[in-house]
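Colleague: I have a model open and want to learn how to read it. Can you walk me through it?

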Amino acid sequence: MSDPINSSQRFFQQYAMQDSVDYFLAALFELMKTRPYQDITVSELCRTVGLSRNTFYKYFKNKDGLLERFSERLWAAFQETQQRPWELSSSFLHYFEFCYSLKDLVEMLIRNDLLQPVSQWSERFLRCVQPVDAAENSDLDPASLNMMYHFISSGCVRLVEDWCRTGFAESPAHMARLAACVVEGAFARTCALGPDDGAAAS
């Protein structure tokens, strides 16, 4: 009896294979099912895919370039399934449902301390679901707003990490309510800051 199709296989079946890059990416996650990321070599990836090292280096400087590609693929897949408008609570529900649908991929990334793809995707997501008037009503400069987004997205990634370590025991709806409550409050407090509130005390 064959094993059921897991979420990583569904992901690549649905969104791949567009070019050689996608074959390398799928091979990486297939190898990571049994091997740590740090032990997987470019040569091994090339043998698995059946393509040359020259082909690999045509697309990537090194193995870590695959993670950047995966970050782009995550974002594209998420956007395809996200309904507009980007309302906070419903968007967070979709965010955690999406994480849950790819839980074996998420677990592999976390197990290997490779949170960059999830972090990048999470920050792009938060920039889309901010309250419409958040940036307009805030007196914070762009650099401070960027720091706020980075801070909040890091918290969201930590939620996903903790959720994974509990075996995804809580429902996506529970995680969405938790995140939306915290993020909504953070946006509200940020918008209330005056131009002097963020200045360092002299």
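Colleague: What is the mean pLDDT of the protein?

Modeller: This is a predicted model, and its mean pLDDT is 79. Of its residues, 76% reach 70 or more.

Colleague: Where is confidence lowest, and where is it highest?

Modeller: Helix α9, residues 134-137, is lowest, with a mean of 49. Helix α3, residues 42-49, is highest, at 93.

Colleague: Over which residues does pLDDT stay under 50?

Modeller: Where pLDDT is low, the predicted coordinates should not be read in detail. Here, residues 1-5 stay under 50, with three contacts beyond four places in sequence. Residues 196-202 also stay under 50, with one such contact.

Colleague: Now the core. Which residues touch the most other members?

Modeller: The largest nonpolar core has 56 residues. L45, F92, Y95, F96, W121, F125 and L126 touch the most other members. Elements giving two or more residues to this core include α3, α5, α8 and α11. Helix α10 gives the most, nine residues.

Colleague: What is F96 in contact with, leaving aside neighbours within four places in sequence?

Modeller: F96 is in contact with L159, V160, W163, P172, M175, A176 and A179.

Colleague: At what angle do α5 and α8 pack?

Modeller: Helix α5 (residues 65-81) and helix α8 (residues 116-129) pack at about 35°, with axes 8 Å apart. The crossing is right-handed.

Colleague: Which residues of α5 and α8 meet?

Modeller: From α5, they include L67, F70, L74, W75 and F78. From α8, they include V118, W121, R124 and F125. By class, this contact has 10 nonpolar, three polar and three charged residues.

How values were computed:
Residues are numbered from 1 along each chain as its sequence is written. This is a predicted model: local features need pLDDT of at least 70, side-chain atom pairs count only at pLDDT 80 or more; totals for chains, interfaces and linings use all residues. Side-chain values use heavy atoms; hydrogens and water are left out. Axes are lines fitted to C-alpha atoms, for helices over the stretch in contact, and angles run from 0 to 180 degrees between N-to-C directions. Helices (H or I, at least four residues) and strands (E, at least two) are DSSP runs, numbered from the N terminus. A crossing is left-handed if the near helix is turned anticlockwise from the far one by less than a right angle, and right-handed if clockwise. Contact means heavy atoms within 4.5 Å. Ala, Val, Leu, Ile, Met, Phe, Trp, Tyr, Cys and Pro count as nonpolar, Asp, Glu, Lys and Arg as charged, and the others, Gly among them, as polar. pLDDT is the predictor's confidence in each residue, from 0 to 100. A nonpolar core is a set of buried Ala, Val, Leu, Ile, Met, Phe, Trp, Tyr and Cys residues joined through side-chain atoms within 4.5 Å. Buried means under 20% relative accessible area, exposed over 50%, partly exposed in between (1.4 Å probe, protein chains only).
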